[in-house]
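Here is a short note to read alongside the structure. Keep the 3D view open and look up each residue as it comes along.

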Protein chains: 2
Amino acid sequence: MKLAYVGTRYAGWQIQPALPTIQGHLEDRLGRLLREKITVFGAGRTDSGVHALGQVASFTTQRQVPLDGLRRGLNARLPEDIRVLVTGQVADSFHARSDAQGKEYAYRFSRAEVTSPFRAPFVCPVRGRLDLDAMRRGAAGFEGRHDFTSLAPSSLELQDRVRTIRSLRIEEEGDEVVLKVQGDGFLRHMVRTIAGTLLDIARGVREAGEVPRILAARDRRAAGPCAPARGLTLVEVFYAEAGA
Amino acid sequence: MKLAYVGTRYAGWQIQPALPTIQGHLEDRLGRLLREKITVFGAGRTDSGVHALGQVASFTTQRQVPLDGLRRGLNARLPEDIRVLVTGQVADSFHARSDAQGKEYAYRFSRAEVTSPFRAPFVCPVRGRLDLDAMRRGAAGFEGRHDFTSLAPSSLELQDRVRTIRSLRIEEEGDEVVLKVQGDGFLRHMVRTIAGTLLDIARGVREAGEVPRILAARDRRAAGPCAPARGLTLVEVFYAEAGA
């Protein structure tokens, strides 16, 4: 399934007892629809408040279900802020998370003097002058294959913190400054901490040339703050074949 | 004050006991900020679920308040889905409602097969083919000075139901069909009932040529349904001078 959701009302992707989550809603509605216990695997475990335009999730069912009927049935039962965009059948071996070859995220800052109430759930408001040239030079420093330990929570238990950022572009869309980042995978909080660090650079609090040192430190304290969840959107998940 | 708001969570503009309203929030926050009982007059009494990009509201205070500080102070206290965009001082005689010379509303239909969760609060989803040429011919029939009794609730107690629609355009924005209507004033539900009637025409349920008969009937039953509130946005309020 390809999914879009507004993350504002949810405690993130991952199922948690007594909290509204995307995975929880999907498993509940799928379970009722198929009268079977369903476990849904998502390509990315988005945090509370993070949005998705193209999350991908997979599950296994014993039933034969028409794909279009499944999409319609699920959308009829899900809240309006979670939508199934596409359903498809994949190989039994397919797993939305482990088969993902890459992802694209967008992080949005708003420079509007007054943040539009229509944009507020999707942007991090920022004040003052931003040096976008410095921000772009800093962004270039994150591109490539690096150990991103400095950009993830110090509590992260994962051993392998090496990831490749294929591209990190800074674009302007009206009042908004948008970071568009593609990579083979991202550690928890990694995009938001890159965004927070680049914002420091744009404000002149840090220099663009610091990025290699931040990465080399392999210490969370070397990087800038983790930017708020609301500004982050999982835009797309990439697979080797048209598996999903 | 010029205001923007997302109407989804509110029981409309007009203050009501025990219900969240835009006017209620403004009067409460202004009252606390100015330590004075404040009554706020809005240019348009938007219904529950209707949004605003450019509502205008006025009030009188005994205090001398810096205009920019007032805007900041209010925005700091208001929920994020209500924003004060601009504050200005006007003549004592100014009244946001009675001085308004005209208004612009937009009504949005979405033809997306799956309505984006990011757009759902702002559009009325429609299925099937729409004949936009017929819709445009129907729209032309509403332009001009008419008695709009057929387009307002039959319970409307107002005597004068003559209004002038200066322009009613149908535009396409991606998957969305947008009705943009400007006029000197609008009766309750008038824009939404025009939208519902034009949707009937676009679907071939009614003919574009019926519009003059619908108007001439001066009977609510002659027109189409009142389209859902969520698709409607008050875009702008016009005044003779730069009073607000």
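Predicted model: local features only at pLDDT ≥ 70, side-chain atom pairs only at ≥ 80, totals over all residues.

Residues are numbered from 1 along each chain as its sequence is written, chains are lettered from A in the order in which they are written, and side-chain values use heavy atoms, with hydrogens and water left out.

1. How do the two chains relate?

2. Now take a helix, H1(B). Helices (H or I, at least four residues) and strands (E, at least two) are DSSP runs, numbered from the N terminus. H1(B) has 13 residues and reaches 18 Å from its first C-alpha to its last, close to the 18 Å expected at 1.5 Å a residue; the expected span is 1.5 Å times one less than the number of residues.

3. Is H1(B) mostly covered or mostly open? Of its 13 residues, 10 are buried (under 20% relative accessible area; exposed is over 50%, partly exposed in between, with a 1.4 Å probe and protein chains only). Among the buried ones are Ile22(B), Leu26(B) and Leu30(B). Their cover includes S1, helix H2 (67-77) and strand S4 (82-86) of chain B.

4. Look at both ends of this helix. Thr21(B) caps the N-terminal end of H1(B), with a side-chain oxygen 2.9 Å from the backbone nitrogen of Gly24(B). Just after H1(B), Arg35(B) takes a positive phi of about 45 degrees.

5. Most residues other than glycine have a negative phi. Ala18(B) is not a glycine, yet has a positive phi of about 65 degrees. Ala18(B) sits in the loop between strand S1 (2-5) and helix H1 (22-34) of chain B, and is exposed, with a relative accessible area of 83%.

6. His189(A) also has a positive phi, of about 65 degrees, without being a glycine. The loop between strand S9 (176-183) and helix H4 (190-202) of chain A holds His189(A), which is partly exposed at 24% relative accessible area.

Conventions:
Contact = heavy atoms within 4.5 Å. Polar contact = N/O pair within 3.5 Å; in protein donor to acceptor, adjacent residues only side chain to side chain.
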